[in-house]
Amino acid sequence: MEKSRDALKILIKGETEAVAMYASFALKAEIEGWYNTAALFTALSEAESIHIKNHLQSLGEDFTPDTQKTEVGSTLENLNAAIEGESEESRRLYPRLIRSIKSELSGEYGKVARLSMTWARKVEKEHARLLKKARKAIKNGRDLPVDKIYLCKVCGNIVFDDPGEVCDVCGHDTQFFKQIKGDE
Ligand SMILES: [Fe+2]
Ligand SMILES: [Fe+2]
């Protein structure tokens, strides 16, 4: 249990920093006139706060991490930093945590914790993919091409334009989606 708890705390710290970081990145993107990219950053900030909520439930205690201040660069630099962070989480941090939960936690509780971490890992992978889309557009002098942005309030998954019927990651009905950008 100890290894899982430590790993969970590291992730809660990372997600807490990400919430603030994405909010600052959204503001910067707006100032630079990249409104769609700003909306993506806003969705990401909300998504990471959903992860914190889920992780605190798995941890089962109150925990307020010490966080580091965000460094804000140009939007292109911010996209690079964000992609690096999301990739690190989905490739290394979450798989490590899922492994230690598997070996340390049994029963229903372990099952729930593992499921929530598996969702989060998939979500971070998808976040990285969407951020890469934004980076590609901005490198070409255009804003991210997207009309509508939806956020799954259960798992933090972000979906562009067509919400479909169920969330690809957690399987919940898209009535649990919140629209972040675009007309109803
Ligand atoms: Fe993320
Ligand atoms: Fe979901």
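Author: The model is predicted. Start with the lining of the largest pocket: by class it has nine nonpolar, six polar and 10 charged residues.

Reader: What makes a residue in that lining count as charged?

Author: Its type decides. Asp, Glu, Lys and Arg count as charged. E17 is among the residues closest to the centre of the largest pocket, and Glu is on the charged list, so E17 counts as charged.

Reader: Which helix gives the largest share of that lining?

Author: Helix 3 does, with 10 residues. Helix 1 (2–31) also supplies at least two. The pocket has a volume of about 520 Å³.

Reader: And the second largest pocket: which element gives the most to its lining?

Author: Helix 4, with four residues. The volume of this pocket is about 170 Å³. Its 14 lining residues include E126, N157 and D168, which are among those nearest the centre. By class, the lining has eight nonpolar, one polar and five charged residues.

Reader: Now the iron ion (ligand 1). Why are its protein donors called donors?

Author: A donor is an N, O or S atom within 2.8 Å of the metal. The protein donors here lie 1.9 to 2.3 Å from the iron ion, so they meet the cut-off.

Reader: What do E86 and E124 tie together?

Author: E86 lies in helix 3 (residues 75–104) and E124 in helix 4 (residues 107–139), so the pair links parts 38 residues apart in sequence.

Reader: Are E86 and E124 buried or exposed?

Author: E86 is buried, and E124 is too. That label means under 20% relative accessible area.

Key
Residues numbered from 1 in each chain as written. Chains lettered and ligands numbered in written order. Predicted model: local features only at pLDDT ≥ 70, side-chain atom pairs only at ≥ 80, totals over all residues. Heavy atoms only, no water. Donors = N, O, S within 2.8 Å, 3.2 Å for Na, K, Ca; no water. Buried < 20%, exposed > 50% of the residue type's maximum accessible area, 1.4 Å probe, protein only. 1 Å grid on protein atoms, 1.4 Å probe; cavity = no way out; pocket = protein on both sides within 12 Å on 5 of 7 lines; lining within 4 Å. Points joined across faces, edges and corners; volume = space filled by probe spheres on them.
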